Amino acid sequence: MEKAFKNKPLYCQLIDLLKEKIEVSMIAHDKIPSERELTKQYGVSRTTVRLALKELENIGYIYRCHGKGTFVSGLKKDVDLGGSYSFTQQMKSLGRNPETRVLVFENIKADKFISQHLNILLGEKVFKLTRLRIADSEPLMIEDTYLPVKFFLNLNSQLLRKKPLYDLFLEDFNQVIRLADEEFYASLASKDDAKQLMIPKGSPVLHLVRQTYNTKNEIIEFTLSVARADQFHYQIRHIRNS
């Protein structure tokens, strides 16, 4: 270990060295050497290595894939999922170039699951659209969105490619968003999602479930999203009322 770090605990010294290596000479999804290899390389115990890796995982520098190893996260491109429900606006605010590819656009009948989440009748007509959300040519999120046809009668694929969805809501269909409820949970990428997001199957992902309400308290959107966990983080502030 370097002398500049001699007053720090060994695992903290190792954290600093690994952080520097990741930031200077590695990119997202590069594989981190195994615990045994790091033990030999830095001349420290397996316990020290495990403590360092655990802390690097906690602060978002690395992620683990069960049975495959430990990999570098996309640190410099993290996106806060709290405080903004527009992917396009969020990307632009970060100086990134957003792109949305419409993979599927179809008119379907709502099954029990969709009708419950849109608060509509079973069998009612719904637009389903599947979109791949991209920033700087890098796939970040895959979304399945369901919209009641009765609120968006003239919606078509050309309009969807013309402007962001929430701009369409307001400018073309006079649907003003009052609020959006979202749930988040962690999982591992399925084969299909991994292929679309260009990540290994089983990589960590975030699932987002969103219901969007208009000013009449009607649900106008139900969206299921899968986002790359190495590219997103979720932050929320809790305030205690006196």
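The questions below concern a helix pair and one threonine.

This is a predicted model, in which local features need pLDDT of at least 70, side-chain atom pairs count only at pLDDT 80 or more, and totals for chains, interfaces and linings use all residues. Residues are numbered from 1 along each chain as its sequence is written, and side-chain values use heavy atoms, with hydrogens and water left out.

Q: Why is helix 1 called roughly perpendicular to helix 2?
A: Helix 1 (residues 10-25) and helix 2 (residues 35-42) pack at an angle of about 105°, with axes 13 Å apart. Angles of 65 to 115 degrees count as roughly perpendicular, and therefore helix 1 is described as roughly perpendicular to helix 2.

Q: What makes the contact between helix 1 and helix 2?
A: Helix 1 contributes L14, L17, L18 and K21, and helix 2 contributes L38, Q41 and Y42; contact means heavy atoms within 4.5 Å. These residues divide into five nonpolar, one polar and one charged.

Q: Why does T212 count as buried?
A: Buried means under 20% relative accessible area, with a 1.4 Å probe and protein chains only. T212 has 1% relative accessibility, so T212 counts as buried. T212 lies in strand 8 (residues 204-214).

Q: What joins the side chains of T212 and E221?
A: A polar contact of 2.5 Å joins them; the term requires a pair of N or O atoms within 3.5 Å, one able to donate a hydrogen and the other to accept it. Leaving aside neighbours within four places in sequence, T212 also has contacts with residues including Y166, I177 and L179.

Terms used: Axes are lines fitted to C-alpha atoms, for helices over the stretch in contact, and angles run from 0 to 180 degrees between N-to-C directions. Helices (H or I, at least four residues) and strands (E, at least two) are DSSP runs, numbered from the N terminus. Angles under 35 degrees count as roughly parallel, over 145 as roughly antiparallel, 65 to 115 as roughly perpendicular and the rest as oblique. Ala, Val, Leu, Ile, Met, Phe, Trp, Tyr, Cys and Pro count as nonpolar, Asp, Glu, Lys and Arg as charged, and the others, Gly among them, as polar. Buried means under 20% relative accessible area, exposed over 50%, partly exposed in between (1.4 Å probe, protein chains only).
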